[in-house]
Amino acid sequence: MEYSEDHIALAAEYALGTLDAEERAQVQSMMAVDKDFAAMVEAWERRLGALNQMVDAVEPPAELWDRIKLAAGLSGAQQALQIPPLPMAATAAPAHAEPAAATAEPPAPTGLSPESKRVVHFAFRAKMWQWGAMGVGAIAASLFAIIVAQLAYPDILPNELRPAVRTQVVQVAGPPPPIPAQYVALLQKDANSPAFILTVNAATKDFTVRKVGAEQEPGKSYELWLVSDKLQRPRSLGVIGGDEFTIRAALAAFDSDTVNKATYAVTVEPEGGSPTGVATGPIVFTGKLIETVPPAAPAH
């Protein structure tokens, strides 16, 4: 029969005599019903008995007993100190002991021999390691159970042990937006003298005026107008600035049909534009929009 480390340590401590009364009674009951366990106890007694024979007896100082009685507060005649026999099979005195030693006063108990102490220390450390391993195993099992519960059944856990809810925003790349239609008009006196290029974005109705050949007159401003038969009079789209590019969003107030079919005219006005909201100067450049970039079809 195979025995655990606890059984082996128990048998060794019984042979050493370090067990209390209850533990000794337990070992004796096990020895009575289990011959193999009793044989293991006897084997430990033989081993430890041999170790005990290797250690010489130590004679305590003569005044030790007097100091013990004084510390215990004992007075008067006392009975001789009786040394209980060691619970081992091998208790014989060393073979080299002289006969005269039998008449000497029996030595006081001195504890375990160094070899026996090492055996007891080993048994104690074995138990401690076993208890530590059991504790670590229990902690690991608890952590594993918590992890499994967090993954599979988070609702059964208290709020402190539930996994944190993580929200991840996933951006899905969609097809690029379709390219809006682009319209361009050459604002000029004739085919050989373009003054401005007008570009209109059909989606936003923003427009850009680029100066090409127009000369800026001192104290004067060029002003852009939208002329349509849908309107009672021309509408000002603002003064064309002195830089190369002028960007405006003034066409947002008109529908696409009006924007695409209108005539665009440039007049010369006082610096800063017409003070009355209607054209006061002569029309010097005109043009109509033509589609240069058709709208892209939506991707499928």
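Predicted model: local features only at pLDDT ≥ 70, side-chain atom pairs only at ≥ 80, totals over all residues.

Modeller: Residues are numbered from 1 along each chain as its sequence is written, and side-chain values use heavy atoms, with hydrogens and water left out.

Colleague: How many helices and strands are there in the chain?

Modeller: Helices (H or I, at least four residues) and strands (E, at least two) are DSSP runs, numbered from the N terminus. The chain has six helices and nine strands. Of its 300 residues, 23% count as buried, where buried means under 20% relative accessible area, exposed over 50% and partly exposed in between (1.4 Å probe, protein chains only).

Colleague: Which residues touch the most other members of the largest nonpolar core?

Modeller: A nonpolar core is a set of buried Ala, Val, Leu, Ile, Met, Phe, Trp, Tyr and Cys residues joined through side-chain atoms within 4.5 Å. Here the largest has 27 residues, and F196, L198, L224 and Y264 touch the most other members. Two or more residues each come from β1 (182-188), β2 (194-201), β3 (207-211), β4 (220-227), β5 (235-240), β7 (263-270) and β8 (283-288). The largest share, four residues, is from β2. A second, separate core of 14 residues includes A11, V27, M40 and V41.

Colleague: What is L198 in contact with, leaving aside neighbours within four places in sequence?

Modeller: Contact means heavy atoms within 4.5 Å. For L198 the partners include Y183, V184, L187, F207, L224 and Y264.

Colleague: And how do helices α1 and α2 pack?

Modeller: Two packed helices are described by the angle between their axes and the distance between the axes. Axes are lines fitted to C-alpha atoms, for helices over the stretch in contact, and angles run from 0 to 180 degrees between N-to-C directions. Helix α1 (residues 5-16) and helix α2 (residues 21-33) pack at about 110 degrees, with axes 10 Å apart. That makes α1 roughly perpendicular to α2 (65 to 115 degrees; under 35 is roughly parallel, over 145 roughly antiparallel, the rest oblique). The contact is made by H7, L10 and Y14 of α1 with R24, V27, Q28, M30 and M31 of α2.

Colleague: Where is V284, and what does V284 touch?

Modeller: V284 lies in strand β8. Not counting residues up to four places away in sequence, V284 touches Q188, K189, Y222, V266 and V268.

Colleague: Is K205 buried or exposed?

Modeller: At 16% relative accessibility, K205 counts as buried. K205 sits in the loop between β2 and β3, and its phi is near 65 degrees, a positive value in a residue other than glycine.
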